[in-house]
Amino acid sequence: MMLEIDRLTLKAGEFLLKGFSLSIDEGECVALMGPSGCGKTTVMEAVCGLRAEGVLSGLISLGGEEITHLPPGARRIGLVPQDVALFPTLTVRAQLEFGPKLHCWDRDEMKSRVEGLASDLGLSDLMERLPKGLSGGEARRVALGRALSLRPRLLCLDEALTGLDEARHDEVLQLIREMIEREKVTALHVTHSRKEAEAISDRIVEMS
Amino acid sequence: MRDVNEAGKSPRPWRVKPELPFVLFLTFVLVAYVGMLLLMVGANVLTVTWVDLGRILKDDDILRSIKLTVVTCTATAILSVLVAVPLAYLLSRYQFRGRAFIDTLLDIPILLPPLIVGLSLLILFNRMSPATCCWMMAGGLLLASLIGFVLRGKGGGRALVPGALIVFAGMFGIGAVMMKGSGSLEEVSSGMGFPMTFHPLGIVLAQFPVAAAFAVRTMRTTFDQISPRYEEVAMTLGCHRGQAFSRVVLPLAGKGMVAAGTMAWARALGEFGPVLIFAGATKGRTEVLATSVFLEINIGNLPGAAAISLLMIVLAVATLLLVRFFVGRGGAI
Amino acid sequence: MKRPILALVFLLALLGGALWWLVSDQNEIMPGKGSLLVHCGAGMRKPMSEIARQYEEEFGVKIILQFGGSGALESQLEVAGGDLYLPADQSYLESIRSKGLLRESMPVTRLSAGIVVPKGNPKGIAGLQDLGREAVRVSLGEKSASVGKYTWKVLEQENLLGVIEPNVIVTKPTVNMLVEDVAMGAVDASIAWDAVARSFPEVEWIPVPEFSKRSKLAGIGVLTASKNVTRALHFARYVTSRDRGRKVFVEMGFEIPDEGDVWADIPKVTLFSGSMLRPAIQEKVREFEKREGCRINTIFEGCGTLVGMMKAGSKPAGYFSCDVKFLEMVDERFFPGTVMTGNEIVLLVRKGNPKSLLSLDDLSKEGVKLGVCDETKSALGQLTHQLLTRRKVSFENVTVKVAKGDDLVSAMQARSLDAALVYRSNALASPVTLEECEIVELNDELAFAEQPYAVARETGHPELMKRLGELLSSGESKKDFERLGFTWKLESTK
């Protein structure tokens, strides 16, 4: 299996989550559902490595490798956060190039990857735009591209559809499903909407 | 169930008490306060004649004072920003025990009477030797690391930071032994070609503590207002903290840095107490505009002092306008 | 990514530039190159040649040394001009000073005259009488040499001329020649400077009481004819400095009259001065700076504040105090001070004296807003406090206590007081004051302060500070002080 969470105990401020376990197979897309405040976003952040000081006990492994205490950058996980969080001063192209540039990819390889992603996501006309010139849907697509740019082992989506109007929902859901399949990436999706969960994921896990 | 018609049948139309008295009250406070400020500036302006202005602008000492003011304030402002940016980021992003304490510590220069800042510098440089300073630093760091170990804080680097402090303490200890018997700090620094007390270079040192404190405050607000989410995403893409800082956060903090720098500049401009005590107010040598006013008053030349004050008011207002123009209200001043 | 780096580099460059400017900030006082002509007494040839060589190496300025008998040189320089004159005795400097040819002089070395004989003293000469013995060949300096003039004078005074003169077979114009002759054996004895004799291993020097009781002080003087006064003074300071010139003199066996100043290309010293002295001495200090090529950081403050700063660690090179009492508080740091001036305390009132305040008693009247200085911060404050206490004036009317007299003058100008007790010099510092206020004399013996000038013991530039003191006590300076209301207290003025 790809992602294995074993009896994870987390503390974030006042909140305490005890003994949470979850496994995801390679290529699977799992939705993590539950009422607000149950800790699903916290679990996702822990998986991404952004809650290191809150992990009290338990194990997280990815692709057989234990990553519980690894820094976020070494885990090869892509994150699309709830608030999209595109870097405000960078163009769409720069957002997509951010990861590859950091890891000193070969120029041609980077170019082809970025352009490939752009065409898959329908961003080819928007490459030189800044985030403030993008619509909600466009921004989400860029965030998705950015998260996938380094060919991560795991893609984390946090409430993929927040803030989008109804008309867009299906379009974006369809796109996400397509990208997950095309990139053959394992995905963890946190959501409170059953409709979203059923559209994208193979399996739903309920949290209490 | 309320009888709807009853409400609708009310004989008089609904009356809201007039807003006018409240508006008048607000206007009154505005007029009174702004009026006082304008009167103060106005009194200054009216005391100054064109002749006075001409006289001080032709005075060699004043011209040199202006030059020295600009140079020192710029140096202080740059130094302040260089220090404030990393410091504010540390305070904004990292949780560690004693953070509140450090926070308070950083505000001390603002709270201290300016003369105390100057006096402390004077005593530090003329009575303390480098060896003593190293011992003090080593002692303080050891204490801090001890506290850090005992009250183990949260966050990455739990043992890292106290460990680093001990290493620093060790370095200072070695420094103390090496520098034994080398005279006071002032003697050492003058010997190396950097005289401080009563010297133009000392002006920058005197302006720095307070200017930097303001710069730190401004940058802190700036960083607090930048969502940590950007750095988190950057880290998932492979950045370590430092890269996330330089590639993602810094570009966003640009305007904040300009504001901090301008704040420090304006503060350094007005810094009188420490400059007077530590750098002296020697005419033509360590005279900056703030002390020029003092010197003119000292010889009973009120019109001259007022003229220089006017000059400084113009400078200060121009600086403020410049910041507003470039940064807008979001400059977090 | 590129832009932040560029901005950072730019800022660092700007910072570096600003700091560099501040450190190297020298006001245009470095005199030009060129050369200096020094008329130098022959007896000091050896040390001066070495010093000149060192100076040339350090500064690239050529020093042309003209050696000769001090008297001969004097005649020469009257005609030919020059930059500096180093005779073997002060009297020559006084002589040219009275002719208006001397600007400034500094002591260089002490010379003692005595009998020079070949090593081993073959003729067994013990005293001046022996010079008159049979078959003793004597040479003496000519009157155009300092040693010569001196010798002849002393011999005459001691009535020995008759005894010795017959044996004088030759007179020589410089002291070097005298000693050389003894070394060569051409004469049996001569009278010359000890230091010169010391540089000839073939001779020995015998002190005799008639000469020992009057040693001579050689000094270097800057001539008015000099076209490069600052450079000349620079060199003169070099010659008399502790670790340059004086060191060479000592190495060569010459006696030095005092420690001398530590050498500094541009000496930088700090002078603490009571703030009431500012209008009187500010310009003079500037003048001194320009002339000497030095930097004097003058800190003008209330004496209480200055004493406080000294106790906090400041080490000024000199202290011109508002009153002797304040100098006493720190007197262990200074050589005994010289009282230069006195300042009377007067009552400053509004023009027209609307409240009719004519004496100290009037200050106890109702509704009088009186300003005084704080007794812990300044001499004026202390004296005022004493004055009011002894004369039984009520303290009730004291509305404000400030740090120094100038602040009271400002307050009077701003019309916030009816009366203030200030120094006369505070009142006369700015002409503006007398437009608004008038002075009421107190004529009280307690209303008086005396200002002493003192040089710090530990400074590296005691001679410089002494010269500053001399300038401040000069006749010109006296005029400045008196014009500002000070009383001159120095008995003799130059």
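What percentage of the 333 residues of chain B count as buried? The share is 44%. Welcome to this structure, which is a predicted model. The points below start with chain B as a whole, then turn to a patch on its surface and to one residue of chain C.

**Chain B as a whole**
- Chain B has 15 helices and zero strands.
- If you take the contacts in chain B with a separation of 6 or more, 77% of them come from residues 24 or more positions apart.

**A nonpolar patch on chain B**
- On the surface you can find a nonpolar patch formed by B:Leu30, B:Tyr33, B:Val34, B:Met36, B:Leu37, B:Leu38, B:Met40, B:Val41 and B:Val45.
- Together, these residues have about 820 Å² of accessible area.
- One of them, B:Met40, sits in helix H2 of chain B, which covers residues 20-47.
- B:Met40 counts as exposed because its relative accessibility is 52%, and the cut-off for exposed is over 50%.

**A buried glutamate in chain C**
- C:Glu301 belongs to strand S12 of chain C, made up of residues 295-301.
- With a relative accessible area of 10%, C:Glu301 is buried, since buried means under 20%.
- Beyond its neighbours within four places in sequence, C:Glu301 touches residues of two chains: B:Leu276 and B:Phe294 from chain B, along with C:Ser273, C:Gly274, C:Ser275, C:Leu306 and C:Lys404 from chain C.

Note on methods. Residues are numbered from 1 along each chain as its sequence is written. Chains are lettered from A and ligands numbered from 1 in the order in which they are written. This is a predicted model: local features need pLDDT of at least 70, side-chain atom pairs count only at pLDDT 80 or more; totals for chains, interfaces and linings use all residues. Side-chain values use heavy atoms; hydrogens and water are left out. Patches are made of residues with over 30% relative accessible area and no salt bridge: like charges are joined within 9 Å, nonpolar side chains (Val, Leu, Ile, Met, Phe, Trp, Tyr) within 5 Å. Accessible areas come from the Shrake-Rupley method with a 1.4 Å probe; for residues, only the protein chains shown count as cover. A salt bridge is a side-chain nitrogen of Lys or Arg within 4 Å of a carboxyl oxygen of Asp or Glu. Helices (H or I, at least four residues) and strands (E, at least two) are DSSP runs, numbered from the N terminus. Buried means under 20% relative accessible area, exposed over 50%, partly exposed in between (1.4 Å probe, protein chains only). Contact means heavy atoms within 4.5 Å.
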